[in-house]
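Subject: Handover of a structure

Dear colleague,

Please find the structure below, followed by an account of what was found in it.

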Number of protein chains: 2
Amino acid sequence: MKKIINFKTKFNQFSDYWSPKVIAKMNNYQFKLVKTKGDFINHKHDKTDEVFIVLDGKLNIEFSDKTVEINSGEMIVVPKGEIHRPYSENECKIMLVEPRNVINTGDVKDKLTASNNQWI
Amino acid sequence: MKKIINFKTKFNQFSDYWSPKVIAKMNNYQFKLVKTKGDFINHKHDKTDEVFIVLDGKLNIEFSDKTVEINSGEMIVVPKGEIHRPYSENECKIMLVEPRNVINTGDVKDKLTASNNQWI
C-alpha cells in the first residue's frame with residue numbers, strides 16, 4: 001500500500017481482452033483494469049453493483065431497456081442484478097471497481113470467464 | 001443509476017476547494033470529486049482505507065514516513081488508520097472512493113471539515 005499506481009504503466013503489462021487485472025485493494029473491494037474489444041456476453045451480478053470507469057476509448061453497455069455509450073472521462077454504476085452486455089468496436093481501456101471475488105461473467109459460465117484475482 | 005457520469009461536467013458545477021461532492025453510489029460506497037489547492041490538514045480514518053485517483057493536476061500526500069506525488073492517471077490507497085496530509089501547490093482535480101459517511105477531515109474537527117453527503 002501507499003504505492004503510486006500508474007494506469008498507463010499497468011496497461012502496458014498485459015494485452016488480453018476481457019480479462020480483469022487487479023491493481024489495488026481497498027477494504028474488501030478491488031480496482032481492476034480491463035482492455036475490451038468486440039463483444040462480451042449478457043450477464044449479471046446478483047450480489048453487487050459494479051462501477052465501470054472508461055480511461056481511454058469508448059465502451060458500450062447494452063441493458064434490457066437501453067444501450068449506453070461511455071467515453072473516456074466518464075463512468076457508470078451498473079445496478080446489482082441488472083443484465084448487461086459490454087462491447088466496444090475498438091480497443092477500450094477501463095477500470096472496474098467491485099468487491100473482491102466478483103467473476104467477470106457473473107452468473108454465466110462461458111469461454112470468456114476469466115481467472116479471478118489476477119494481480120499485476 | 002445507469003446514468004453516464006461525466007467528470008468534466010461535474011467539475012464545472014462547483015469551485016470550492018477541499019469539499020467533496022458525491023457523484024455516484026456503489027453498494028455502500030461513494031465516488032466523490034474534489035478540487036484541491038493549498039494545504040489540507042493531518043488526519044486519519046480509523047475504520048477504512050481511502051482511494052485517491054488524480055484526474056487532472058498533481059497532488060501530494062505527506063505521510064509520517066514519506067511524501068508522495070500523484071499525477072493525472074495515477075491512484076493511491078491510503079491505509080486505514082494512517083495519518084496523511086494532502087496538499088497541492090496548484091489546483092488539482094481528484095476522485096475519492098470510500099464508504100459513505102466518511103468525513104473529509106477524519107478524526108479531526110477543523111474549519112476544513114466539509115458537509116458530508118453533498119451530491120451534485
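The same surface serves both copies, as 100% of the contact residues of chain B recur in chain A; two residues are in contact if their C-beta atoms, placed from the backbone, lie within 7 Å.

This is a predicted model, in which local features need pLDDT of at least 70 and side-chain atom pairs count only at pLDDT 80 or more, while totals for chains, interfaces and linings use all residues. Residues are numbered from 1 along each chain as its sequence is written, and chains are lettered from A and ligands numbered from 1 in the order in which they are written.

The interface

Chain A and chain B each bring 25 residues to the contact. On the side of chain B that touches chain A, at least two residues come from each of β1 (5-6), α1 (7-11), β2 (21-26), β6 (67-71) and β7 (74-78) of chain B. Helices (H or I, at least four residues) and strands (E, at least two) are DSSP runs, numbered from the N terminus. With four residues, β7(B) gives the most to that side.

Strand β1 (residues 5-6) of chain A runs antiparallel to β7(B) and is joined to it by two bridges; strands pair if DSSP finds at least two bridges between them. Within β7(B), B:Met75 stands opposite A:Ile5.

The fold of chain A

Chain A has one helix and eight strands, in the order β-α-β-β-β-β-β-β-β along the sequence. Its C-alpha trace spans about 40 × 30 × 25 Å along the principal axes. Of the contacts in chain A between residues at least 6 apart in sequence, 66% join residues at least 24 apart. Buried residues make up 33% of the 120 in chain A, where buried means 20 or more other C-beta atoms within 10 Å of the residue's own, exposed 12 or fewer, and partly exposed in between, with C-beta atoms placed from the backbone.

One residue in a loop

A:Lys47 lies in the loop between β3 (29-39) and β4 (50-56) of chain A. A:Lys47 is partly exposed, because 13 other C-beta atoms lie within 10 Å.

Yours sincerely
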